[in-house]
Structures are given as structure tokens and as C-alpha cells.
Amino acid sequence: MSAQADMSISKAKGFNKSIDILTCTIRAPPFSYVHLEVVSADPTSNNQDSNLDELQVKSYCSAACRQFLGLTGAAIPIDILKVDGMDCWLRLPRQDLGSFSAAVTTWKGTTDEKGERVVLRVKQCSDWLGMMVGTEQQAKLWGP
């Protein structure tokens, strides 16, 4: 049987070569993602040997939001996805991303256990985690 005969049989029976099972477009995702870094405010300080934990990240973010927006800022729900060294990845509601970024960038910082002043720096933020991290960094983010 020739290829032309196969094509005429599939057209006669109403078969298509490909079928879209489901198409979905997400125009406004519910969450945004932020990549933060904790840095020393003193440029001569070397704060490389210390590591963050989830409790420190939560307290720094809460302090920044409370200082900038008061109780409204303290009520922003923040999910800590991963803490790695002095970097952390957060998830928060999409509509709060602008307020959170403004709060973090205007935060004056705090003093750590060594007596050095530390501040938060927004490295990246996006509505899509995969675009923010990049394909070469996804394994590092979710890996052990």
C-alpha cells in the first residue's frame, strides 16, 4: 500500500496525525519567586564563613516588611524554598512582589552575632522559578 493510499484512508475515516489533548495558558501565576543574598554592609568584612538558616531568613524578611509597611508588611506570607550559604530562594504571592522588593531594598539591615551589620540584596525576582534559576542551576537548587 502506498503512502498516498494511507493518507486517503486516514482522511476518509476522519483521523488526524496529531491531536491537542489539553492546552493551558497561565497569564497571571499566583506566586512570584525571589532570590535573596545576605551581604555585609561593611565592604571590608569577609562574611563568607557563616551560613544562613531558615529562621534568620524569616526574621530578616519580616523585619524588612514590618519596617516598610507596618502590620500589612508583616502579614505577607513568605515561603522559604531553599537556603544555601548566604543565598535563599523565596516564594510569595504575586501581588506582594513589588511591596516585598521595596521593603527589602529600603531595609537598613541588622547586626549579626559577630557584630557586623548585614543587609538583604535582591539578586533576582520573577513570576517563573525556572526562568529565574536557569537550566544549568535547576539541579543545584533542588539537589542535595
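Here are a few friendly notes on the predicted model above.

1. Ground rules. This is a predicted model, with local features needing pLDDT of at least 70, side-chain atom pairs counting only at pLDDT 80 or more, and totals for chains, interfaces and linings using all residues. Numbering starts from 1 along each chain as its sequence is written, and side-chain values use heavy atoms, leaving out hydrogens and water.

2. Overall layout. The chain has 6 helices and 5 strands (DSSP runs: H or I of at least four residues for helices, E of at least two for strands). Their order from the N terminus is α-β-α-α-β-β-α-β-β-α-α. Of the 144 residues, 34% count as buried (under 20% relative accessible area, 1.4 Å probe, protein chains only).

3. The cavity. Searching the whole structure turns up 1 cavity of 30 Å³ or more (on a 1 Å grid over the protein atoms alone, a set of points where a 1.4 Å probe fits but cannot get out). About 70 Å³ of space lies in the largest cavity, the volume being the space filled by probe spheres set on the points.

4. Its lining. The largest cavity is lined by 11 residues, with Ser50, Gln56, Tyr60, Met86 and Glu113 nearest its centre; lining residues have an atom within 4 Å of a point. By class, the lining holds 5 nonpolar, 4 polar and 2 charged residues.

5. A surface patch. Ile19, Ile21 and Leu22 make up a nonpolar patch with about 440 Å² of accessible area together (residues over 30% relative accessible area and without a salt bridge, nonpolar side chains joined within 5 Å). A salt bridge here puts a side-chain nitrogen of Lys or Arg within 4 Å of a carboxyl oxygen of Asp or Glu. Leucine 22 sits in the loop between α1 (3-13) and β1 (31-40).

Key. 1 Å grid on protein atoms, 1.4 Å probe; cavity = no way out; pocket = protein on both sides within 12 Å on 5 of 7 lines; lining within 4 Å. Nonpolar A, V, L, I, M, F, W, Y, C, P; charged D, E, K, R; others polar. Patch = residues over 30% accessible without salt bridge, like charges linked within 9 Å, V, L, I, M, F, W, Y side chains within 5 Å. Areas by Shrake-Rupley, 256 points an atom, 1.4 Å probe, with all protein chains shown as cover. Buried < 20%, exposed > 50% of the residue type's maximum accessible area, 1.4 Å probe, protein only.
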